[in-house]
Amino acid sequence: MLLLPCLCPCPSSPISISSSSSQRNNLFKKPICRTLRISCLSSSTVTDQTQQSSFNDAEMKLIDALIGIQGRGKSASPRQLNDVESAVKVLEGLEGISNPTDSELIEGRWRLMFTTRPGTASPIQRTFTGVDVFTVFQDVYLKTTNDPRVSNIVKFSDIIGELKVEAAASIKDGKRVLFRFDRAAFALKFLPFKVPYPVPFRLLGDEAKGWLDTTYLSPSGNLRISRGNKGTTFVLQKETVPRQKLLATISQDKGVAEAIDEFLASNTDDDYELLEGSWQMIWSSQMYTDSWLENAANGLMGRQIIEKDGRIKFEVNIIPAFRFSMKGKFLKSGSSTYELKMDDAAIIGGPFGYPIELTNNIELQILYTDEKMRISRGFDNIIFVHIREI
């Protein structure tokens with residue numbers, strides 16, 4: 001569930017507001033960021049030649065299935081889990097790199113994108129993998145070193161540092177790696193020494209041992225699926241597609257405006273459609289104003305529901321069992337540009353509705369959209385990022 005701010009109850013009397021969007025020269029003018037956290041996820045629209053060669057169609061289906069999943073799988077819905085598992089099984093049935101543990105492509109740093117059953121996995125998984133603001137990596141070095149190792153790394157931030165849990169490793173066969181955790185430490189930027197991780201690996205016996213099967217390694221060496229001895233499935237990537245990078249930046253809430261600029265610069269299309277569906281706002285370039293009602297009416301929170309017949313609705317959960325709803329119509333007025341007239345607002349609680357006198361005219365420009373993500377410029381030249389809800 002995406003995080004929404006705590007809102008006040010509905011007003012005691014009807015309110016009348018009328019506003020329209022304004023245009024500015026700069027994409028981000030004095031930006032103030034508002035972020036709702038999500039996991040770092042993926043793209044179904046391939047616009048870069050390198051990206052096209054890095055991931056085939058079946059791999060992109062798996063990457064697409066990850067979008068909107070929080071905590072690298074910790075908060076996934078049953079449908080999301082089913083979509084990911086189906087995409088994983090398709091890839092495992094295809095011909096990837098044979099004998100992946102013998103391939104140099106398995107060597108290097110892998111970013112963890114998704115994992116199942118984190119509650120039964122290692123301490124580092126139970127504690128850190130469900131936190132999106134942390135980045136989790138796995139280093140695999142089997143043949144390019146005299147000390148074969150598999151290491152799990154949690155990077156807290158560039159300022160704070162990281163935790164590294166290491167395991168001595170050996171190759172059993174073409175798919176399986178045997179490992180035994182033997183050391184771990186925090187490397188914190190503000191300390192001149194490492195802080196030992198408080199786990200007595202020598203006393204854990206067989207609990208410190210395990211194995212990891214690589215069930216799919218992409219020919220490009222950029223995607224890997226592994227299954228562990230405790231029944232855990234891992235999806236890891238070396239190279240992330242542009243949309244994944246952008247969503248990861250939004251999740252970490254740092255440098256988002258610059259990341260959006262970079263992303264938009266790599267997409268040259270100039271005629272986007274306002275696609276139907278339910279779109280949840282995850283980031284905007286402006287903080288909320290003092291009036292939650294004005295925020296809701298301008299699309300600064302909650303979701304947008306786009307219907308086929310030219311109808312649009314803004315919807316915001318206020319408190320449990322109460323929501324704000326504002327309906328209207330949209331009409332395409334130019335290349336990637338739409339005129340929105342919102343004129344039917346109400347506070348809804350159960351079967352009852354409390355009408356509000358509210359009118360809002362907004363020019364909406366679609367800067368980028370695909371089946372999963374949309375970037376737009378709306379009220380008062382504010383930039384929005386939405387993801388399509390499943």
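Predicted model: local features only at pLDDT ≥ 70, side-chain atom pairs only at ≥ 80, totals over all residues.
**Exercise 1.** Work out how helix 2 and helix 3 are oriented to each other, and which residues make the contact.

*Solution.* Start with the geometry: helix 2 covers residues 57-65, helix 3 covers residues 78-93, and they pack at an angle of about 160 degrees with axes 9 Å apart. Angles over 145 degrees count as roughly antiparallel, so that's the label this pair of helices gets. Next, the handedness: helix 2 passes helix 3 in a left-handed crossing. Now the contact itself: helix 2 brings A58, E59, K61, L62 and A65, while helix 3 brings D83, V84, A87, V88, V90 and L91. Sorted by class, that's 8 nonpolar, no polar and 3 charged residues.

**Exercise 2.** Find R72 and decide: buried or exposed?

*Solution.* Look in the loop between helix 2 and helix 3; that's where R72 is. Its relative accessibility is 3%, and buried means under 20%, so R72 counts as buried. Then check along the chain: V136 is 64 residues from R72 in sequence, yet their C-alpha atoms are 9.7 Å apart.

**Exercise 3.** Classify the ring pairs F156 with F186 and F330 with Y338.

*Solution.* The whole structure has 9 aromatic pairs. For F156 and F186, the centres are 6.3 Å apart and the planes make 20 degrees, giving a stacked pair. F156 sits in strand 5 and F186 in strand 7, 30 residues apart. Both F156 and F186 are buried. For F330 and Y338, take 5.8 Å between centres and 70 degrees between planes: edge-to-face. F330, at 15% relative accessibility, counts as buried, and Y338 does too, at 3%.

Key: Residues numbered from 1 in each chain as written. Heavy atoms only, no water. Axes fitted to C-alpha atoms, helices over the stretch in contact; angles between N-to-C directions. Helix = DSSP H or I, 4+ residues; strand = E, 2+ residues; numbered from the N terminus. Parallel < 35°, antiparallel > 145°, perpendicular 65-115°, else oblique. Left-handed = near helix turned anticlockwise from the far one by under 90°. Contact = heavy atoms within 4.5 Å. Nonpolar A, V, L, I, M, F, W, Y, C, P; charged D, E, K, R; others polar. Buried < 20%, exposed > 50% of the residue type's maximum accessible area, 1.4 Å probe, protein only. Phe/Tyr/Trp six-rings, centres within 6.5 Å; stacked < 30°, edge-to-face > 60°.
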